[in-house]
Amino acid sequence: MGWFKRLKDGIQTATRNKKEAPEGLWYMCSNCKETSTMKELKENFYKCPHCNYHVRIGSYDYFDLIFDGNYEELYEELVSRDFMNFTDLKPYTERLEEAWKKTGLGDAISVAKGKVNRRPLVIAAMDFKFIGGSMGSVVGEKIARAIDHCLENRIPLMVISKSGGARMMESAFSLMQMAKTSAKLTQLARAGIPYFSFLTDPTTGGVTASFAMLGDINFAEPGCLIGFAGPRVIKETIKRDLPEGFQTAEFLLEHGFLDFIVDRKDLKETVSDLLYFFDSN
Amino acid sequence: MVFLDFEQPLESLYEQLEKIQQVGEEGDVDVSEMVRELDNKIRNKRKEIYSNLTGWQKVQLSRHPERPYTLYYISQMCRKFTELHGDRCLRDDKAIVGGLGSLDGQTVMIIGHQKGVNTKMRQYRNFGMANPEGYRKALRLMKMAERFGFPVVTLIDTPGASPGLEAEEHGQAEAIARNLFEMAQLRVPIVCVVIGEGASGGAIGIGLGDRVYMLEYTWYSVISPESCSSILWRSWDFKEQAAEALKLTADHMFEFGLIDGIIREPVGGAHSAPEEMAKLLKRQIKKAISEVQDMTPDERIEARINKYASMGVFDVRPSEVEGKE
Ligand SMILES: [Zn+2]
């Protein structure tokens, strides 16, 4: 095998590993417990063919769903570092090593530039399987650089959020990423470049309380969890069960914090329409 | 007086002092020499204790029940102050207060978390945990300050934004995010000081500014040591370790370049000499305003955004192919 072939295979393997979508022959829905074949699931945009439950997928799955074929990944070289020597039950370094190995991802967010029905778009998409999609310095920096890229090239930005919140192992640095990303987004707003915030399951904590809620358009996948405090924390605070449907996308739409909810099968068309509207002048 | 666990040696010295003073009052024995000696002992002991505080002990100090809160500092710093209430939408949040004040003739908009001074008031103030209405009131006041060119001063002291059904229904996350967004572009100077607890989104929701300071015995972190312990250690018993691991003290934050300075507290903490603390706080706030006041609004905003954009530490890996596999 020539080096080029090996290289190409290597990249393909890496990309396949990076995806979060389930693998195997059969899929049992965690919502309705019905079984379908993986082929059916995949052809149905990784939604349960029986109950339309949106199975959790990763950044590269979204890139494939939204972009017209090819896309160029940006800022892949940025990776986290345990600069605080943070150790709980495990050193942060070890958690990072494990996450890199297990996911093949550089961090909890990937940025790519591509086209959607021939219109350019930059997407920054988060991965829950990388330390719970937590936001540390790398997530903040990649979003900041994506914004700079959009400013320089006048390209709209879409961020796909999927996060348990801030990365505790980077302490106040992760907190400051809320300020950093929000402050950078004001530059896009001032330049008149649209920012689409797409919230997926789950979006909580510091991510919700910064860039995820700041879209010119905020939209979400059906049924996904969106909140500031996690449901467990709220339950412990109020000492009773949470109401049915609390903190779902539908709940947020009803309370005025989302523009709309979109089924995954219509995602590309929706993004394409948004790009069309904002592109007309 | 309330003594924290690490202040126990002080407590017994104070008890001795009290007894001797009582003896002095009752009889004709001259106790002045003994009193002087004990006073000295207390002063030295306090210095010794306070020169060696752990992260967790500073967290305890930041929560000291006698610690001064926002409204106290305002009353000391401003000859005139008019509190302004309400978010003009839903209600008046009691955990964040704000209003127009005068700092030696300079009108400023002062906004801060407010904790209660007794059991009843602590409940009334929701323990300093603001709801979205509090953040929206803060934003309303900041936008007013912007219209009239008043510098904004925020005093941060919260165990976190309120976690509850209503807070979620009313958009706690949106309220905090909106404040960060608007504060980044506010055309007047913003000076922020952590005067007690700086917990997470609830703190930074009024904490983005041109200059950010911390009082010496305060903390600033993405999560409280207790919650961090419960999540990462899966038990509430590791708060001391969590406090160390989080590196949440003013010294750490300054070393990391995440704040612009530390305001030293009197030995014994802000509560041991609140008037002196208020003077030190006021001096630093005035100095900070004067440092940024002469910039144009555009220059100031650019510097502000650049400051936050530079926060973060990471590695740059050569390339995917040569990399980890
Ligand atoms: Zn199903």
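The radius of gyration used here is taken over C-alpha atoms, and the rule for a globule is 2.2 Å times the number of residues to the power 0.38. The model under discussion is a predicted one. Chain A has 281 residues, for which a compact globule would have a radius of gyration near 19 Å; the value for chain A is 19 Å, which agrees with that expectation. Along the principal axes, the C-alpha atoms of this chain fill a box of roughly 60 × 50 × 45 Å.

Within chain A there are 10 helices and 10 strands. Of its 281 residues, 47% count as buried. The contacts of chain A may also be examined by separation in sequence: among those between residues at least 6 apart, 68% join residues at least 24 apart.

Attention may now pass to the second chain. The contact between the two chains draws 55 residues from chain A and 51 residues from chain B. On the side of chain B that touches chain A, several elements each supply at least two residues, among them helix H7 (165-169), helix H14 (297-309) and strand S9 (314-316) of chain B. The element that gives the most to this side is H8(B), with nine residues.

Strand S4 (residues 78-80) of chain A is joined to S9(B) by three bridges, and the two strands run antiparallel. In this pairing, Val79(A) stands opposite Asp315(B), which belongs to S9(B).

Conventions:
Residues are numbered from 1 along each chain as its sequence is written. Chains are lettered from A and ligands numbered from 1 in the order in which they are written. This is a predicted model: local features need pLDDT of at least 70, side-chain atom pairs count only at pLDDT 80 or more; totals for chains, interfaces and linings use all residues. Helices (H or I, at least four residues) and strands (E, at least two) are DSSP runs, numbered from the N terminus. A residue is buried if 20 or more other C-beta atoms lie within 10 Å of its own, exposed if 12 or fewer, and partly exposed in between; C-beta atoms are placed from the backbone. Two residues are in contact if their C-beta atoms, placed from the backbone, lie within 7 Å. Two strands pair if DSSP finds at least two bridges between them.
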